[in-house]
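Open the structure in your viewer and keep the selection panel at hand. The stops below say what to select next and what is there.

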Amino acid sequence: MIRIGGRVVAGPTRRIGPQPGEVIDRSRSLTFYWNGASRAAYDGDTISSALAAAGDRVLSRSFKYHRPRGILTATFHDPGCLVQVDDEPNVRASHRQVAAGMDVRALHSWPSLRFDVGAANQAVGPFLSAGFYYKTFIKPQRLWPAYERVLQRFAAGGRVSASSPHGDYDKRFAHPDVLVAGGGPAGMAAAIAAAEAGAEVMLVEEEHELGGHLRYGDEVALSRLQELRAAVAAHEQIEVLTNSAVTGRYDDNWVAVLQRSMPHVTERLVKARAKSVVVAVGLIERPYVFEGNDLPGVMLSSAVSRLVNLYAVRPGERAVVFTGNQSGEAAAAALERAGAEVAAVVDARRGGALLRARGRGGVTEVETGDGARVECDLLVTAAGWTAPTLLVNMTGVKPRYCDRAARFVPGDDLPSDVFATGGLVGDGDVDLLVEHGRATGLRAARRALETLDGHGPLTALPRLEPADHPALFRSRTHGFVDLSEDVSSKDLVSAAQEGYDSVELVKRYTTATMGPSQGKLETINTVAVLAESTGRTVAETGTTVWRPPHVPISLGALAGRNLEPVRYSPMQPWHEAVRARPIVAGQWIRPEHYGDPASEVRNVRENVGLIDVTPLGKLDLRGPDVPRLLNFLYVNKWSKLDIGSVRYGVMCGEDGVVADDGVTGHLGPDHYFMSTTSSGASAIYEWIENWLQTTFTDWSVHVTEMTSAFASINVAGPNSRELLRRLVDDVDLGPDAFKYMQVRQGTIAGVANCLMWRIGFTGELSYEVHVPAAFGLYVWEALMAAGADLGVGPFGLEAQRIMRLEKGHFIVGQDTDGLTQAFTAGLDWLVKLDKEDFAGRPELVWQSERSDELRLVGLQPTDPTVVPPEASQIVSGANEIEGRVTSSRFSPTLGRSICLGIVSADLAHAGTVVTVKQPDGTRVTARVMEEHAHFDPAGERLRG
Amino acid sequence: MGVARAGSDLRPAARRFIHLRGAASDGQRKTTTYSAFSLLRHGLTHEKWQRAWREHEVASAYDAVIVGAGVHGLATAYYLAANHNMRRVAVVDKGYVGGGGSGRNTAILRSNYLTPEGVRFYDRSMTLYSTLAADLNFNVMFAKRGHLTLAHNDGSLRTMRWRAEVNKLQGVESEVIAPEEVKRLVPFMDISSHTRYPILGALYHPPGGIIRHDAVNWGYARAADALGVHIHQGTEVLSIGVVDGKVTGVTTNRGEISSPIVVNCTAGWASLVSSLAGVSLPIITHPLQAAVTEPVRMFLGAVVVSGSLHVYVSQTDRGELVFGASTDPYPSYSMRGSLAFTEELASHVLELMPSIAKMRVLRQWAGLCDLTPDFSPIMGTTPVEGFLVDVGWGTYGFKAGPAAGEAMAELVATGKTPELISSFGLSRFGDGLLVGERGAAAVGH
């Protein structure tokens, strides 16, 4: 009995006396909750070892047949030991250590683990064979949603909650010389040898402490373990990460390590660029397929050794051991030490066979090959090993089947910076594993430190090969091949008969190997059963492709802290101080308006306004071939642009579709400055670099991204010249000295190296000034202060959008789309097809020859108070689409609604009245205008 | 030949299939009909199930050889046999049925495209998918969960409205909904305004959903086999014979096949296979990655897509979340996953649904996408007579499988390009008549 505070909390204890290698701390008792009832544990217990100690045999119900399941492997991969812990689904109970107060719940059971309604599925099992759902629920089709809901009730796994906090996750970069995956004897020895050779080593171990199988071995093993651990600890150059797993080895030894042992963060993703990698992940004991092999009480030999030696738990009272190797014998010895009776040992090497296990809710009887029936509550199987080869296979090396050892091995010809050692390579005693590990570690260190020829001769790599092992996969009876997917060997045979007879098809059809362990336990038996039923060999059948991650990795760890970049202009503090309404514009967050966009418009039209246009893309172009480049990138001509002048240009993709627009100025000899749209800034920079680096490699052009180097302010309105004049001394701003479409460099408010260009997106007299970013806020404030009596005020994106629409300027991506070629956008005046080649020219030549193309036009609703929402469709007849409204606003300047829209060619004539179908279904009419511009089409204001 | 006009009869195939039972001849066979009764019978009697599709020796001649046993190739073969009575047809594949993009995609179906051509085409595909289970007598588990495309800025909200309006006028259910409605459909969604990319609304497409992609491939394979089509797995096309500008057949690792028609349905390998016939395609192959989590109880009722965050996610009936993103930014034939992909994916998914941080990624993989310059497919004839292509599907070939197969079958059988696919011909790249679906197809799923 376990007593906590004088209260009995569970049935008869299976905890035994202290064991030499136990990992529990008997001085620290903990209480946790199992399906609502309290359970006792010691610090160091896993959830499943604590439950086993308390006599709990059933840890879950399987998802399909709701069969009771218990401990099978006592490792991370234990298929029947997934539980819900608090709000965390699918926790590995045989790996997760108990924490005080944990609320642990079994999966897939209702109303209770012992009495489960879903277990009725077992009775209809023959009709629920693999893939049954493909064959039924076909008719009537309308009932499928109802059937589907029933199927969904049987979905595997725990629960997530919408109220779960995100949690704390982190990432770290590491640059070890040698990264060792696996902290068993070979891995530890490799780390030690590499460190001795001068390498910085990262040693990663999935379990909670180093040692691998030595931890649950005999006294010799334990003493070697102490030596190795001491040697690892003695090396400052070895960093040990326990309770951590290498989840993938990507190209160039880019290694992902999931670290679960960090205080204060749930999990951390360590991204290591290792100079060399040693894969020493050991072996996984594989289950054996026979009738009843999923019953609680059927355990692998290593699970028994773990439970007894690490957790001091007696896994059963009376055992039958089926074995094909020494691990079975070790388990039998451990059981006897734990006070259990070993009723029978069935040795496969001497012809012994296992037929079936019987029992309800747990093993009660085993039938052996000779027909003998043995009563027992524990059946131990030692049927052989699986080498988890994923990390090696991620280098491109294919696994190879070793017939005499009856297991797949990693394959040959590893890259020169990836090494394998330990059980993955072969079987041997501790001395051999350590010797091989040391020799491998030394090689890895020399590869990493590039001292291949130095530091004396290399010792020969000792021979480490897989030992012969009987091919034990399936008994004469059928049983479960994949416990987590409830797939039996019968299902596989049946699938193969149905034609799903390659390993990839049988996997997809039956879902075998698709569960939480991703085939680490299941693949070999799946392949073996398939080989048997198709008459092929295991080697011919092959395995499915192993895919990362090696162990599942949480979304939180992969995401880390949220590092989505946000870009603000230097004037952001000012915008915030006046409570500008922010708008997300790609990576930027910028002011949409400062309270009333309409009055901002009126102020610009009547006085002067400032808008922060820092997100505009800005590129500095230098070199003698810049004019050639501009001629290629833009659809218009650039050869003759005087120094001091700017020009508007439009770029098209190779498909002739409008990609970007902006203004480029000629600042000096071989020196130009380009502006792009805000949204296109990075794409256009990449596009230009792509041309220069892949096509025009001999052109002398240098492009520098300057978007964030300058703060950009548009000073717009009739008073803009007067405002700038108050702060600029070294540039003549007179209308004849600094004309429309010209650029000047000068000093604003004492800030040198500012660019001023006279252009006008808003349609007003305006100057776009680019000032060194560090002085952006200063210049902005200086302009505001200097213009107080001129009526200066800020305006936001919305006011700018209204004014540009009044002026008829299109916005790339709003008034154009992924199909809008230049002539559709009304750029006939700009496109110069007589230029020699430019981006998009062939397509535009074709387009120029067609007459039935859509056109962008100005539109004014017949009813001036109606503003048809953007995306309203222009229709004819019942529902024939003739175009759409791309931009619409109420113009404060004109006192009416105005639009731009794309319409079919035959409607694109001034005076045509079109029908606009609004999203709410109502229809209004609008008139096609002469020009895109609704206001000042002659441009007198901006030229003034 | 019974030529079924697209749209004139929604389910000629189904009738044909049913009609065939009990009338086996000429390579056709009696097919066990899948039903609850047949399950019961097999369960009781332990009678062996018939092979879903048979294995055959490779014949020396066929009326048509289709390269690629994915959904496009299998659907083409099936409709050839079912709608046009052309049964001496072989589907050859160097791997196994559905081993390429057809078994690697994220199995999302929708028809809310942007161009009228796109909407019409995918709507036909959705119509065929809607009755596919019954037509093929194979439960393809089409779940019309509803499809949400999130808008995170005013620009994408405007595009959503545009798509909704175009869709409505074409009779496709589609509407823009407010964040609160998004939250009602997906309670795990974070619609607060303090996120990095706030959700401003969504395009809601109720008929969109997910399907069991393998089942579609297998269903077509089984139904085509029943009509006499030969499916040859593990059969790699090594060369394509062309004499005097006409295709004469293919040489495979299992022998020569003569055929007046060869159809290339090889997706990511399309340009390589076409080059065997001397046909150059404007296609670049990029990998597209995907990942799946461990299963949890159903909590995500709809398919969620975010173009701004480059992610789409749905929950399968098994309880797994299936994720995808945009194509990798470099051309490659590698089908290995990268770490960066899962990192970005996870951070974007948690932007949308921060409370699922504890769910774990179980597996990642990649498929190959054959991208064209205008993000539209290439279907139809080529300069080599008899060599037809159904390629260039990029990231959305699975959605198109049935309609493309139906149209390609009509082209093979009648020699005339059906109107539904007439704008998708290879010649458009030489005539300046590109069909852009970049906006709606390239990043949306």
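## Where the chains meet

Select both chains: 81 residues of chain A are in contact with 78 residues of chain B, contact meaning that two C-beta atoms, placed from the backbone, lie within 7 Å. This is a predicted model, in which local features need pLDDT of at least 70, side-chain atom pairs count only at pLDDT 80 or more, and totals for chains, interfaces and linings use all residues. Residues are numbered from 1 along each chain as its sequence is written, while chains are lettered from A and ligands numbered from 1 in the order in which they are written.

Next, select helix 10 (339-352) of chain B. On the side of chain B that touches chain A, helix 10 of chain B gives the most, with eight residues. Helices here are DSSP runs of H or I with at least four residues, strands are runs of E with at least two, and both are numbered from the N terminus. Colour that side by class to see 39 nonpolar, 21 polar and 18 charged residues. Nonpolar covers Ala, Val, Leu, Ile, Met, Phe, Trp, Tyr, Cys and Pro; charged covers Asp, Glu, Lys and Arg; the others, Gly among them, are polar.

Now go to R547(A), in the loop between helix 13 (538-541) and strand 32 (553-554) of chain A. Which residues does R547(A) contact, leaving aside neighbours within four places in sequence? They are G337(B), R363(B), Q364(B) and W365(B). R547(A) is buried, with 22 other C-beta atoms within 10 Å. A residue counts as buried at 20 or more such atoms within 10 Å, as exposed at 12 or fewer, and as partly exposed in between, with C-beta atoms placed from the backbone.

## Inside chain A

Select helix 6 (residues 301-311) of chain A: 11 of its 11 residues are buried, so the helix is largely enclosed by the rest of the structure. The elements against which its buried residues pack include helix 1 (47-53), strand 20 (318-323) and helix 7 (326-337) of chain A.

Move to helix 4 (residues 185-196) and helix 5 (residues 219-234) of chain A, which pack at about 35° with axes 9 Å apart. The axes are lines fitted to C-alpha atoms over the stretch in contact, and angles run from 0 to 180 degrees between N-to-C directions. Show P185(A), M188(A), A189(A), A191(A) and I192(A) in helix 4, which meet R224(A), L228(A), A231(A) and V232(A) in helix 5. By class, this contact has eight nonpolar, no polar and one charged residues.

Then pick A194(A), which touches V178(A), A199(A), V201(A), G441(A), L442(A), A444(A) and A445(A), not counting residues up to four places away in sequence.

## The two domains of chain B

Colour chain B as domain 1 (61-138 + 213-282 + 374-442) and domain 2 (147-209 + 284-370); the bounds come from an automatic or database domain assignment. Their C-alpha centres lie 27 Å apart. Across the boundary, 26 residues of domain 1 of chain B are in contact with 27 residues of domain 2 of chain B. Which element gives the most to the domain 1 side? Helix 4 of chain B does, with four residues. That side has 11 nonpolar, 12 polar and three charged residues.
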